[in-house]
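Thanks, everyone, for making the time. I would like to walk through one model with you this morning, with the conventions stated as we go.

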Amino acid sequence: EDESQKIEIYKKIAAIDCIEDKLEIQEEIEDRFSDIPVCVANLMDIAYLRCISAGVGIVEIKEVKDEIILEFDSGDRINKEIVNALVSKYNRSIVFKLGSKPEFAYKLKNSNKEEILENIIKIVNHIKSIVEIK
């Protein structure tokens, strides 16, 4: 209920730039306030997703109809290895779209928002792991 505590926590969440930061803040919130509300957990996940997405060249993530679109800053970030790895792992759930800015489209199924967010984080982490191997 304390506004200054809320602002402090929101600033920490906004500064998340790796999984360790996210886990540290999560632990702090649990220690101080017990349970983490779903909306705060989602906010932490979104902050983490924003950070890892930027690291692999994803500039925008948006929901369009029945898809989540992951748009890259340029075609320089995409290579055959990434496309093949994602398509083979996620089969028909992911489609690669070529254009001025390449995109991956993740087809939504009957999932709730938390599951979708979790799946997008997994996809971006998978891309990150492929990029890091190089």
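What you see is a predicted model, in which local features need pLDDT of at least 70 and side-chain atom pairs count only at pLDDT 80 or more, while totals for chains, interfaces and linings use all residues. Residues are numbered from 1 along each chain as its sequence is written, and side-chain values use heavy atoms, with hydrogens and water left out.

Let me begin with the sheet, which is open and has 4 strands in the order S1-S2-S4-S3, with antiparallel pairing; strands here are DSSP runs of E with at least two residues, helices are runs of H or I with at least four, and both are numbered from the N terminus. Two strands are said to pair if DSSP finds at least two bridges between them. At the edges are S1, residues 58-64, and S3, residues 94-97, each of which pairs on one side only, and the twist from one strand to the next averages 20 degrees. S1 pairs with S2, residues 67-72, in the antiparallel sense over 6 bridges, and Glu-60 stands opposite Glu-71 in S2.

Across S3 and S4, the latter spanning 103-107, lies helix H4, residues 80-90, which runs at about 155 degrees to S3; the axes are lines fitted to C-alpha atoms, for helices over the stretch in contact (heavy atoms within 4.5 Å), and angles run from 0 to 180 degrees between N-to-C directions. Which residues of H4 are buried? They are Ile-82, Val-83, Ala-85, Leu-86 and Tyr-90, where buried means under 20% relative accessible area, exposed over 50%, and partly exposed in between, with a 1.4 Å probe and protein chains only. Seen down the axis of H4, these buried residues fall within an arc of 165 degrees, so they line one face of the helix; the arc is taken from the directions from the helix axis to the C-beta atoms. On the other side of H4, Lys-80 and Ser-88 are exposed, and the helix is followed by Asn-91, whose phi is positive, near 50 degrees.

Now to the single residues. Leu-49, in helix H3 (residues 38-55), counts as buried because its relative accessible area is 7%. Leaving aside residues up to four places away in sequence, Leu-49 touches Ile-61, Leu-117, Ile-120, Ile-121 and Val-124. Tyr-10, in helix H1 (residues 3-14), is partly exposed, at 44% relative accessibility.
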